[in-house]
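Biologist: I have a chain on screen and some questions about its fold. Can we go through them one by one?

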Amino acid sequence: MNIFKQILKVNAWYFILMILLSQVGGYFNLSLIAYYNSPELALNEPFAVVCMLFFYLIVSYNSVRTVMELRLFNNYQLPASLLHKYLIALGTIVGLAVACLLFSMAVEYVGSLLTADFPVDKQIKVGGYISYIYRETCHFSFLIILIGVNMILASLIRNKAFCIGFSLGLGYAFHLTFIYMERVTITPVQCCLFAVIGIVLLIIAYQIYKRWQPANSGLLMI
């Protein structure tokens, strides 16, 4: 609990900023709707695609950044088990992702009021963005893989600049992959397989974290 409070206290404003940034596309879209009052601008799909890019860049970057927080001397030396610290880091990542998704409903609610008189297929629906992400990420299973890969990266590589740069590139690559997968049919079995792969990646990241040698000056953390 002390670790969670410390992470939350240090990163409170950062989390608020990331949640607001994840909605930049939505705010821009809604401002255009309100200004022009044009049904052609009230399309859920462009809104979802733009926000999706911000969302996965944020999740990818935050996955790396949160693991790096564990390297700080004060956090690393806290009297708690390594598993506890790792789960707090993972919970922080998931919590921010959930907050970004839930906050989108507030943006969509404003949009639903602005587009109430538009044709049904042009109206902004509350919860539409979450449904879009749920569909495009195979029931969030690809999101688990994205977090797992980034946590392995941050747990293994010591160079922070490389980790952050690679994570942002990975987030953008996942974004392009999700858009491409709109034309691909994914079965429930494949979704379960993706989820299992994501969980395995998280376990691997924890095994790497347990072998950290913070005093090591080499390229790797182990």
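Modeller: One term comes before the questions. Buried means under 20% relative accessible area, exposed means over 50%, and partly exposed lies in between. Keep in mind that this is a predicted model.

Biologist: Is Cys-100 buried or exposed?
Modeller: The cut-off for buried is under 20% relative accessible area. Cys-100 has 1% relative accessibility, so Cys-100 counts as buried.

Biologist: How many helices and how many strands does the protein chain have?
Modeller: Read along the sequence, the pattern is α-α-α-α-α-α-α-α-α. The count for the protein chain is therefore nine helices and zero strands.

Biologist: What percentage of the contacts with a separation of 6 or more joins residues 24 or more positions apart?
Modeller: A contact here means heavy atoms within 4.5 Å. Among contacts in the protein chain with a separation of 6 or more, residues 24 or more positions apart account for 81%.

Biologist: Which residues have the most contacts inside the largest nonpolar core?
Modeller: That core has 50 residues. Helices α1, α3, α5, α6, α7, α8 and α9 each supply at least two residues of this core. Those with the most contacts inside the core are Phe-55, Tyr-56, Ile-147 and Met-151.

Biologist: Which residues does Tyr-56 contact, leaving aside neighbours within four places in sequence?
Modeller: Tyr-56 is among the core residues with the most contacts inside the core. With those sequence neighbours left aside, Tyr-56 is in contact with Ile-133, Thr-137, Leu-143, Leu-146, Gly-171 and Phe-178.

Biologist: How many disulfides does the structure hold?
Modeller: A disulfide needs two cysteine sulfur atoms within 2.5 Å. Take Cys-138, which is buried at 3% relative accessibility. The closest cysteine sulfur to its own is in Cys-191, 4.1 Å away, and so too far for a bond. The structure holds zero disulfides.

Biologist: What is the phi of Cys-138, and what is the phi of Phe-140?
Modeller: Most residues other than glycine have a negative phi. Cys-138 is placed in the loop between α6 and α7, and Phe-140 is found in the loop between α6 and α7 too. Phe-140 counts as partly exposed, at 25% relative accessibility. Both phi values are positive: near 55° for Cys-138 and near 70° for Phe-140.

Biologist: Which residue forms a salt bridge with Glu-69?
Modeller: The rule asks for a side-chain nitrogen of Lys or Arg within 4 Å of a carboxyl oxygen of Asp or Glu. Here the closest N and O atoms are 3.9 Å apart. The partner of Glu-69 is Arg-65.

Biologist: How many salt bridges are there by this rule, and is Glu-69 buried or exposed?
Modeller: By this rule the count comes to one salt bridge. Glu-69 has 14% relative accessibility, so Glu-69 counts as buried.

Biologist: What separates the C-alpha atoms of Gly-91 and Thr-66?
Modeller: Gly-91 has its place in helix α5. Its relative accessible area is 40%, so Gly-91 is partly exposed. Gly-91 and Thr-66 are 25 residues apart along the chain. Their C-alpha atoms are separated by 9.8 Å.

Biologist: Which residues does Ile-144 touch, not counting those up to four places away in sequence?
Modeller: Ile-144 lies in helix α7 and is partly exposed, with a relative accessible area of 28%. Its C-alpha atom is 9.0 Å from that of Val-196, a residue 52 places away along the chain. Beyond its sequence neighbours, Ile-144 touches Ala-195, Gly-198, Ile-199 and Leu-202.

Technical notes:
Residues are numbered from 1 along each chain as its sequence is written. This is a predicted model: local features need pLDDT of at least 70, side-chain atom pairs count only at pLDDT 80 or more; totals for chains, interfaces and linings use all residues. Side-chain values use heavy atoms; hydrogens and water are left out. Buried means under 20% relative accessible area, exposed over 50%, partly exposed in between (1.4 Å probe, protein chains only). A nonpolar core is a set of buried Ala, Val, Leu, Ile, Met, Phe, Trp, Tyr and Cys residues joined through side-chain atoms within 4.5 Å. Helices (H or I, at least four residues) and strands (E, at least two) are DSSP runs, numbered from the N terminus.
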